[in-house]
Amino acid sequence: MAGLNLNGILPTRSLRDILEDEKREAELRQQQPGIQSLASHVKKVWEAARTAKQQTIEQRLLTNLRQRRGVYEPDLLAEIKKTGGSEIYMMLTSNKCRAASAWLRDTLTGSRDEKPWMIDPTPLPDLPPNLHRAVYDAANQKAMQVEAMIGAPLTEQMARELIEQVKSTMMVEIKEMAKEAAGRMEMKMEDQLEEGGFSRAFAEFIDDIVTFPAACIKGPTLRRKPRMVWKETTVGEYEPVVVDEIVPTWSRVDPFNLYPAPNSTHPDDGDLIERHRLTRTSLSELIGVEGYDEGAIKAVLDDYGRGGLRDWLAVDSSKAQAEGKSVSAVLNNPEAEIDAIQYWGAVQGKMLIEWGMTEDRGEPLDPSKEYHCEVWLIGRWVIKAILNYDPFHRKPYFKACFEEIPGAWWGNAPPDLMRDCANMCNYAARAMANNMGIASGPQVGVNIDRLPPGEDLTQMFPWKI
């Protein structure tokens, strides 16, 4: 009997043994020189982009976030506490940001039935080759009819006019067909956007625009999600069931987690790295999605599923404090998040060949040509490495700034534009609060010879003795 050993017993293996075998196979793939070189290249780009952002942008992001939330900069807060003054903060920036956000929402989304996008066919749709042939066939047929009526062959000028007449008639029909097709496509896209979380991502994107120097929305990205569908149980009888499907999704990209190339100005200009913080659930949703190494993902979950993997940066603790979070709670989060970096960029064909890639859609790679790639790296594991097959080599990121600065990735947000005014209002408010506090009661004088050792005479505060 097939599958039985000599003793007639079916051999069995534990789930742990199967998982260990899958992990060993994944490790063998990861140890290939091409994959190791690819991981090394991604880490090199990551270090350059991270260093550039730390030197120029991260402090701006933190300052804007604190200003929006009504939190003083750490050095200024230390000086205020040193003098014992008031810590009042005028929430002018928060008010302006909320007003700007409401204005953008009202302008771009309006009512529930309005969308911030639409589809219209081009005013002059291109005729496909088969319709070009149909135009000439129709023109020839009509020419034969005209020649039969007049009893003489058409002149060249008459033939041209006849072709243009037939073409114009067909263009009217083509425009109507294009309009109907655009309408159907718009309904399909609206359904995909709603199912993929675009509305929520767009709302968060607007909030980022009025807070940070740049905001970014990402999509579509494919993920495995549970969906409710109708399944036929018996003839003519249906019931709703939950199935896992690969669906396009949209999400807001945290400006703190986006690392463009030092000299880039938009997502499609140079290398781009996004830092992800994945939960076990979100990472497992990538299993079965085309392009991802299922074995590597399972190995990552086995290595880091319990304790997580955090590439903790200095900005993370400052950001958590500005958001009112407990840094210790974030560090000891039982959710066990796993950090990953997603690299988008162009790589020379010579390097790809050295990494083991030899073909692009069946065509051999050109050593001197630039190829656009997407690579995911988690710790020592490359969980995805594919070519970017977008016809225009676009990345699925869309960036906007409240005030664009030509030639720069990062622009200006309302907190940047009103910082001087907000600071002056805070200075004035603190001075008024300090003066009112001091004036609210007497200042008692004492003989300095009777002061205890170490008494600081330079501090003034209400009701001081």
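This is a predicted model: local features need pLDDT of at least 70, side-chain atom pairs count only at pLDDT 80 or more; totals for chains, interfaces and linings use all residues.
Residues with under 20% relative accessible area are classed as buried, those over 50% as exposed, and those in between as partly exposed.

A total of 21 salt bridges is found in the structure. One of them joins the side chains of Arg 200 and Glu 204, with an N to O distance of 3.4 Å. The two residues are four positions apart in helix α8, and about one helical turn therefore separates them. Their accessibilities fall into separate classes: Arg 200 is exposed, at 64% relative accessibility, while Glu 204 is partly exposed because its value of 31% lies between the limits of 20% and 50%.

Helix α8 also takes part in a contact with strand β2. The side chains of Arg 252 and Asp 208 form a salt bridge at 2.5 Å, N to O. Arg 252 belongs to strand β2 and Asp 208 to helix α8, so this bridge ties together parts of the chain that are 44 residues apart in sequence. Arg 252 is partly exposed, with a relative accessible area of 29%, whereas Asp 208 is buried at 3%. Both residues belong to a network of salt bridges that also includes Asp 254, Lys 319 and Glu 323.

A further salt bridge, between Lys 384 and Glu 374, has an N to O distance of 3.2 Å. Lys 384 is located in strand β9 (residues 381-387) and Glu 374 in strand β8 (residues 370-378), so the pair connects parts that are 10 residues apart in sequence. Lys 384 is buried, with a relative accessible area of 9%, and Glu 374 is likewise buried, at 6%.

Strands β8 and β9 are members of an open sheet of five strands, arranged in the order β3-β4-β5-β8-β9 with antiparallel pairing. The edge positions are taken by β3 and β9; each has a single partner strand, so one side of each lacks a neighbour in the sheet. On average, and with direction ignored, neighbouring strands of this sheet are turned by 15° against each other. Within the sheet, strand β4 (residues 272-278) pairs with β5 in the antiparallel sense over seven bridges. Ile 273 has Tyr 343 in β5 as its bridge partner. Helix α10 (residues 294-304) lies across β5, β8 and β9, and runs at about 155° to β9.

A second open sheet comprises three strands in the order β2-β1-β10, again with antiparallel pairing. Here β2 and β10 stand at the edges, and because each has a single partner strand, one side of each is left without a neighbour in the sheet. Strands β1 and β2 run antiparallel and are joined by 16 bridges. In this pairing, Lys 218 is found opposite Ser 251 in β2.

Nine aromatic pairs are found in a search of the whole structure. In one of these, Phe 212 and Phe 256 are arranged edge-to-face, with 5.7 Å centre to centre and 85° between the planes. This pair links distant parts of the chain: Phe 212 is in the loop between α8 (198-209) and β1 (215-234), and Phe 256, 44 residues apart from it, is in the loop between β2 (237-253) and β3 (258-260). Phe 212 is buried, with a relative accessible area of 5%; Phe 256 is also buried, at 3% relative accessibility.

Another edge-to-face pair is formed by Trp 344 and Tyr 397, with 6.2 Å between centres and 85° between the planes. Trp 344 lies in strand β5 (residues 338-348) and Tyr 397 in strand β10 (residues 397-400), so the contact ties together parts that are 53 residues apart in sequence. Both Trp 344 and Tyr 397 are buried.

The charged end of Lys 53 is positioned over the ring of Tyr 259, 4.3 Å from its centre. The charged end of Lys 399 likewise sits over the ring of Trp 409, at 5.4 Å from the ring centre.

Terms used. Residues are numbered from 1 along each chain as its sequence is written. Side-chain values use heavy atoms; hydrogens and water are left out. Rings of Phe, Tyr and Trp (its six-membered ring) pair if their centres lie within 6.5 Å; planes under 30 degrees apart count as stacked, over 60 as edge-to-face and the rest as tilted. Buried means under 20% relative accessible area, exposed over 50%, partly exposed in between (1.4 Å probe, protein chains only). A charge sits over a ring if NZ of Lys or CZ of Arg is within 6 Å of the ring centre and within 35 degrees of the ring normal. A salt bridge is a side-chain nitrogen of Lys or Arg within 4 Å of a carboxyl oxygen of Asp or Glu. Two strands pair if DSSP finds at least two bridges between them. Axes are lines fitted to C-alpha atoms, for helices over the stretch in contact, and angles run from 0 to 180 degrees between N-to-C directions. Contact means heavy atoms within 4.5 Å.
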